[in-house]
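Visitor: I'm new here, and I'd like to know how the terms get applied. Could you walk me through it?

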Amino acid sequence: MLKRAIAFIIFEVLFVSITMPVLMFYGPFTRVRDTFVTTAMTTFTHQYLATLFLPKKVIDKIVSESKIESGRTDKNLIHVNGPKDKRIELYNVYGKHFEGKVILIHDPTRVEVGISSKFPYEGETTSVIAKHYNALAAINAGGFGDSSMKGIGGAPQGFVIHRGKLLYTEIKNPDEKVDLIGFTDDGKLMVGKYKYKEVLNMGIKEAVSFGPALVINGQPMIKKGDGGWGIAPRTAIGQREDGTVIFLVIDGRTLKSIGATLKDVQDIMLKYGAYNAANLDGGSSTTMYFKGKVINHPSDALGERAVPTIFFVR
């Protein structure tokens, strides 16, 4: 009787192990398949979960079908309110498969870029950088190179501008198109694709280079599919038409909060009135700091991940 039970259990495990991938990749659930594939392909270490079962041309087709349109912010459409409103508000965010938090900063001129004390060679956690600047609120910002996978933050990708000064750049061609997430002197958030030489001549005070832009001039950039980046923890920044800045984080990689697609992030930004918004570095980097502590749940088993840059508010 025991042998029969063990044999049945082994059969069930083998049956599920064989049939689940077949149903996932070749069954009728194409939306589940596409999300699984895009999630795997936007990681460095788990792409094999897709490539093991599907040929490259099929994967490329799935990724390409979730197109994100491009554009650029018209700063004349943003009207920063005055006198300056010093309110900072914190809200919880809930989705079908995720949880997160939103911070609203009503005075956009308070938002700055912060850098690691070891910049540009090594990062520090968002909370460490935030405390260095005596920040009231902060989120992680741009991406970074970390090819050794040591989790040290590494050199930032693209460029970094703080208080109008170019602190770092890896861009050599002035005509190269770059992703901008930056604030002008009067607190207007500029997002989208720009030539690098334009960025250097448009009065940007605080900026990192990352993307994609999700909302530009009130219009969503993802109009088909989920954005093509799968499900993961997310960090994003946006701005309302009146100048109010939106900090957003979505937790992920847990049973309580699996994560969000870029489309999910776009929809939340639109719900909170974003007129312009862009995706920041997510995954293990996703962190929100408020009043002296980290208030979300970073997905790395060791806690916060080291990053080179943050957006913060004093």
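Guide: Here are some questions about terms, each with its answer.

Guide: This is a predicted model, where local features need pLDDT of at least 70, side-chain atom pairs count only at pLDDT 80 or more, and totals for chains, interfaces and linings use all residues. Residues are numbered from 1 along each chain as its sequence is written, and side-chain values use heavy atoms, leaving out hydrogens and water.

Visitor: What makes Leu262 in helix α7 buried?

Guide: Buried means under 20% relative accessible area, exposed over 50%, partly exposed in between (1.4 Å probe, protein chains only). Leu262 is on the buried side of that cut-off, and so are Val265, Gln266, Ile268 and Met269 of α7 (residues 262-271).

Visitor: How do you know that the buried residues of α7 line one face?

Guide: Looking down the axis, they fall within an arc of 165°, so one face it is. The arc is that of the directions from the helix axis to the C-beta atoms.

Visitor: What do the buried residues of α7 pack against?

Guide: Several strands, including β1 (88-94), β14 (234-240) and β16 (274-280). Contact means heavy atoms within 4.5 Å.

Visitor: Why are β7 and β8 called paired?

Guide: Two strands pair if DSSP finds at least two bridges between them. β7 (residues 159-162) and β8 have four bridges, antiparallel, so they qualify. In β8, Leu166 is the bridge partner of Ile161.

Conventions: Helices (H or I, at least four residues) and strands (E, at least two) are DSSP runs, numbered from the N terminus.
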